[in-house]
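The following note is intended for a colleague who is meeting this structure for the first time. Please read the numbered points with the sequence and the model side by side.

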Amino acid sequence: SSTEVAATRALVSEDGIPPVIAIMGDSIAQQNTLVTGGVYYTNARGPVMWMLSYLGHPWDFQPSDNVAVAGTTLDVIIANQLPALLALHQTRRYQRVFISAGTNDTNSARSIADIQADFLTLFRALRAAGIIPVHTGIRPRGIDVAITTAKLANMRLNEWLFLQSLAGLIEFVPVSEVYADTSTAFGNA
């Protein structure tokens, strides 16, 4: 249809070159790529790799465009990954960066206000560089039989992230329902 053609054309520049994307964040983001013996590979268990495959690879992505590190909290992402990504942006010119972050922050009992402040710092820095931040939502976690403080914080932060997308600061992909175990009432993965 003409709508589909227009949508596809919007993903590609006038010279036919697809825009470039990057990845940053925690282990969920890191698992999109694998480094073995100094060689970078894409990894079939990464959600961004699956997205690219389902969409027909509308964006250019190289495994070296992934600066994510497992176990990382937002303050460390800002201190380490953000400068690395902005340095790469000088030559790669990212259109979007897909972010998985927040779960390690809530699990380490950081306050929601501090987490939100760090998210805003990260999102505004990316926007200032001309990069659209895309947050893929804080995934459910746990196998316990309780709605823990961290799980409640994750739910509140996902609602807040959604509001940031409505305000135009980020794009938000609400993936919680995909990962949630609907046989429990406890916010487990």
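**Notes on the structure**

1. Phe119, Phe123 and Trp160 are linked into a cluster by ring pairs; rings of Phe, Tyr and Trp (its six-membered ring) pair if their centres lie within 6.5 Å, and planes under 30 degrees apart count as stacked, over 60 as edge-to-face and the rest as tilted. The count by this rule is four aromatic pairs. The pair formed by Phe119 and Phe123 is stacked, because the ring centres are 5.3 Å apart and the planes stand at 20°.

2. The model is predicted: local features need pLDDT of at least 70 and side-chain atom pairs count only at pLDDT 80 or more, while totals for chains, interfaces and linings use all residues. Residues are numbered from 1 along each chain as its sequence is written, and side-chain values use heavy atoms, with hydrogens and water left out.

3. Phe119 and Phe123 both belong to helix α6 (residues 112-128), where they are four residues apart, about one turn of the helix. Helices (H or I, at least four residues) and strands (E, at least two) are DSSP runs, numbered from the N terminus. An α-helix has 3.6 residues a turn, so residues three or four places apart point the same way. Both Phe119 and Phe123 are buried; buried means under 20% relative accessible area, exposed over 50%, and partly exposed in between (1.4 Å probe, protein chains only).

4. Helix α6 has 17 residues and reaches 24 Å from its first C-alpha to its last, close to the 24 Å expected at 1.5 Å a residue. The expected span is 1.5 Å times one less than the number of residues. Just after α6, Gly130 takes a positive phi of about 85°.

5. Trp160 is one of the buried residues of helix α7. The 18 residues of α7 (residues 149-166) should span 26 Å at 1.5 Å a residue, and the end C-alpha atoms are 26 Å apart, which agrees. Other buried positions in α7 include Ala150, Ala153, Leu157 and Leu161, and also Lys151 and Asn154. The buried residues of α7 pack against α5 (103-107), α6, β5 (132-135), β6 (171-172) and α8 (176-179). Just after α7, Gly168 has a positive phi of about 90°.

6. Leu82 lies in α4 and is buried, with a relative accessible area of 7%. Leaving aside neighbours within four places in sequence, Leu82 is in contact (heavy atoms within 4.5 Å) with Met24, Ile77, Leu122, Ala125 and Leu126. His89 also lies in α4 and is buried, with a relative accessible area of 2%. Not counting residues up to four places away in sequence, His89 touches Tyr94, Ala129 and Ile131.

7. Most residues other than glycine have a negative phi. Arg93 lies in the loop between α4 and β4 and is partly exposed, with a relative accessible area of 48%. Ala109 is found in the loop between α5 and α6 and is exposed, with a relative accessible area of 67%.

8. Pro63 lies in the loop between α3 and α4 (74-92) and is buried, with a relative accessible area of 14%. Pro63 and Leu34 are 29 residues apart in sequence and 7.8 Å apart in space, C-alpha to C-alpha. Beyond neighbours within four places in sequence, the contacts of Pro63 are Thr33, Tyr40, Tyr41 and Thr42.

9. The model has one cavity of 30 Å³ or more. On a 1 Å grid over the protein atoms alone, a cavity is a set of points where a 1.4 Å probe fits but cannot get out, and lining residues have an atom within 4 Å of a point. The largest cavity has a volume of about 50 Å³, a volume being the space filled by probe spheres set on the points, which are joined across faces, edges and corners. Residues lining the largest cavity include Ile23, Asn32, Phe98 and Arg139. β4 gives the most to this lining, with three residues.

Key:
1 Å grid on protein atoms, 1.4 Å probe; cavity = no way out; pocket = protein on both sides within 12 Å on 5 of 7 lines; lining within 4 Å.
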